[in-house]
Amino acid sequence: MFLTLFGILVAIAIACHLAGRRRSIALAGSNYAALHSLPGYYGAWLAIMTVGPALIVLVVWSIAAPNVLRSMVLSQFSAQLATSSVAQLDGFWRDIQAIAFGGTAGIRDAVRSDAAAVLSSRAATSTTMMIVLMAAVGVAGFVYAWNAIAPAFRSRHRVESVVKVLLAVSATIAILTTIGIVVSLIAESMRFFSMVSPIDFLFGLTWTPQQMAFRADQVGGTAAFGFIPLLTGTLLITFIAMVVAAPLGIMAAVYLSDYATPKVRAVGKPVLEILAGIPTVVYGFFAALTVAPFIRNSGHALGLDVSSESALAAGVVMGIMIVPFVSSLSDDVINAVPQSLRDGSAGLGATKSETIRKVVLPAALPGIVSALVLAVSRAMGETMIVVMAAGLAANLTLNPLEAVTTITVQIGTLLTGDQEFDSPKTLAAFGLGLVLFVITLSLNLVALRVVNKYREQYD
Amino acid sequence: MNSLPSFETTAATTAVPTAAVHPKITGRNVNVFYGEKHAIKDVNVDIPERSVMAFIGPSGCGKSTFLRCINRMNDTIPICRVTGDIRIDEQDIYDRNLDVVQLRARVGMVFQKPNPFPKSIYENVAYGPRIHGLVKSKTDLDEVVETALKKASLWNEVKDRLLESGTGLSGGQQQRLCIARAIAVSPEVILMDEPCSALDPIATAKIEELIDELKQNFTIVIVTHSMQQAARVSQRTAFFHLGIMVEEGATDQIFTNPVDTRTRDYITGRFG
């Protein structure tokens, strides 16, 4: 229904555009230059005024109608439903929808059939009303705009202000979504912190949410929600990843920007960036099936005790994964260092390597630092590699050869499977999410500040 | 401009350079190719020691290209090929055994746009002496920096803020910082590629004054678009046109009594 109406509106809009265009040209007659705006703007104005209000009616009605219908039908049957809980009301509503519009109803009884009949007749009325209203506002808009078209009419200004509103609405939607996510994250975290003390969460040294009883009738162990082991696990893996990625990435960037011939660069840079296109899950089984056993076997050969899932394996593979991230951003900032500085240094008798070490890299340093900080926040948010290569055991350790776990992995584990949504066990995921969000947000802010400082220096 | 440019009687123009002065730099049959393009054709030139030689000519005439041959800055351009013979103190600078890094320590360069490193004023000047290992101690380095800044007439303006960034100076100060940076390595030759083209007239006057002082210790080769500047600062002038060195001689002769009609047309403003 919605799609059909939407299609019709699009067709009407195109027709109106052509009609408005033609009318403006006809009105201008031989004095074409007297038209205030290009003919296309008159067409656009007519189309907007005709279809715009109808479209708004369509969208608002489609969103509001189901809720209005629900309360109308449920209040009509309130006598029969007086004792129902919220969940039962939801079930009742689903059933009558299924009976009325087709589908599988859980329960079919007389009350539900009656209600479904009421619903389908109300729904039909609602649709008719909506179409009538759309046609009415559409015709009104069309008549108003049609009469407004005249050579002196400033249609360009009108159309541009409509476009400006559209742009503002788009920006608002993006911003509101972000705010919505943050607010719900905070709200759910508050629920979690009302069950588990924030002190225990932020400073506790054991993480054993799986000990939590599933249902009230189960006997559970003592669940502990200390997030420190997860934080150390995250930091350990991130640190290992950066130890791999920072030197590799920066040196690759220096080679590509200052040493490679144009041919090598033309091939090398895209190939390096392909690394960034590999799905992380592929890196994950690469880590679990190739790197982890390799590390374990070499460890055993050296007489070390390495668990088959280790922070080292996950960190190394994650480091490889973010190399292109570091190298690509660093390459950009190194290239942004003006050639005149390189010439100035060469003109003083510096070798290429002295020029790079003492002039180019220091000049590019703020940009490189921000690239590294962004890479760190990327590494902290990575989940799949850690799930596969570092395990789920929340060990509080700094030994890279042991299994550890990270914040993101635990969020994933807490929320998978059949869970009740009001137990601390599930809500802990929101607490973890909030902490992770705060960490990456502050890292990004730091990176942004450094980048801005860098810009000031060159403009 | 239909009349010949007027001359200010500065020390620069009254000192008469003679071919008898021992030439510091000699170029014989120098040709430069950028890929297929023949940018410099058979240039022969003698540049006398401790004096200022100006290269003038319209844009694209090859004067900067020739300048950049003297410290082999063209080496950084892969398609560029230089043939012929350029010698400094009789030594072939395109010799296989010559280390280009050592050459550039002897032949400093000042560029068109001031290009101080984004480091402190002190570090800018100390850069050259450090990489060449010219000084042993911090005290020596301080002294080298101070001397270089003094020689570049910048010391009084920056002595209280040596640790501030070199990029924070004004354009003219930045250019003098770049000159100080070149001087600090104690070169024998200083090449200047349109050093005043990005500067205002007052800063330009200061640089010209400085060039005049520097010629007592250094051999200076300057490329300039301003004929007045060439007349003011140089003892000898070479006019380049379409990759050929049309005429070369004492500056006052070139400007008052040029031999070639192309030189005459250029300096009287008939073309270029």
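This is a predicted model: local features need pLDDT of at least 70, side-chain atom pairs count only at pLDDT 80 or more; totals for chains, interfaces and linings use all residues.
F201(A) is buried, at a relative accessible area of 0%.

I looked at F201(A) with F227(A). Their ring centres sit 5.2 Å apart and the planes meet at 20°, so I logged the pair as stacked, the cut-off being under 30 degrees.

Then I placed both partners. F201(A) belongs to helix α7, residues 198-203 of chain A. F227(A) is in the loop between α7 and α8. The two are 26 residues apart, so I noted a link between distant parts of the chain. F227(A) is buried as well, with a relative accessible area of 4%.

W207(A) and F225(A) are both buried.

I also looked up the cluster. F192(A), F193(A), F201(A), W207(A), F225(A) and F227(A) form one.

I turned to chain B. I found 11 helices and 10 strands there. Its radius of gyration is 18 Å; a compact globule of 272 residues would have one near 19 Å, so the value agrees. The C-alpha atoms fill a box of roughly 55 × 45 × 35 Å along the principal axes. Of the 272 residues, 54% count as buried. Chain B exposes about 11,800 Å², with 49% of that from carbon and sulfur atoms.

Chain B has 31 positive and 33 negative charges, and their mean positions are 3 Å apart.

Notes
Residues are numbered from 1 along each chain as its sequence is written. Chains are lettered from A and ligands numbered from 1 in the order in which they are written. Side-chain values use heavy atoms; hydrogens and water are left out. Helices (H or I, at least four residues) and strands (E, at least two) are DSSP runs, numbered from the N terminus. The radius of gyration is taken over C-alpha atoms; the globule rule is 2.2 Å times the number of residues to the power 0.38. Buried means under 20% relative accessible area, exposed over 50%, partly exposed in between (1.4 Å probe, protein chains only). Accessible areas come from the Shrake-Rupley method with a 1.4 Å probe; for residues, only the protein chains shown count as cover. Lys and Arg count as positive and Asp and Glu as negative; His and the chain ends are not counted. The place of a charge is taken as NZ of Lys, CZ of Arg, CG of Asp or CD of Glu. Rings of Phe, Tyr and Trp (its six-membered ring) pair if their centres lie within 6.5 Å; planes under 30 degrees apart count as stacked, over 60 as edge-to-face and the rest as tilted.
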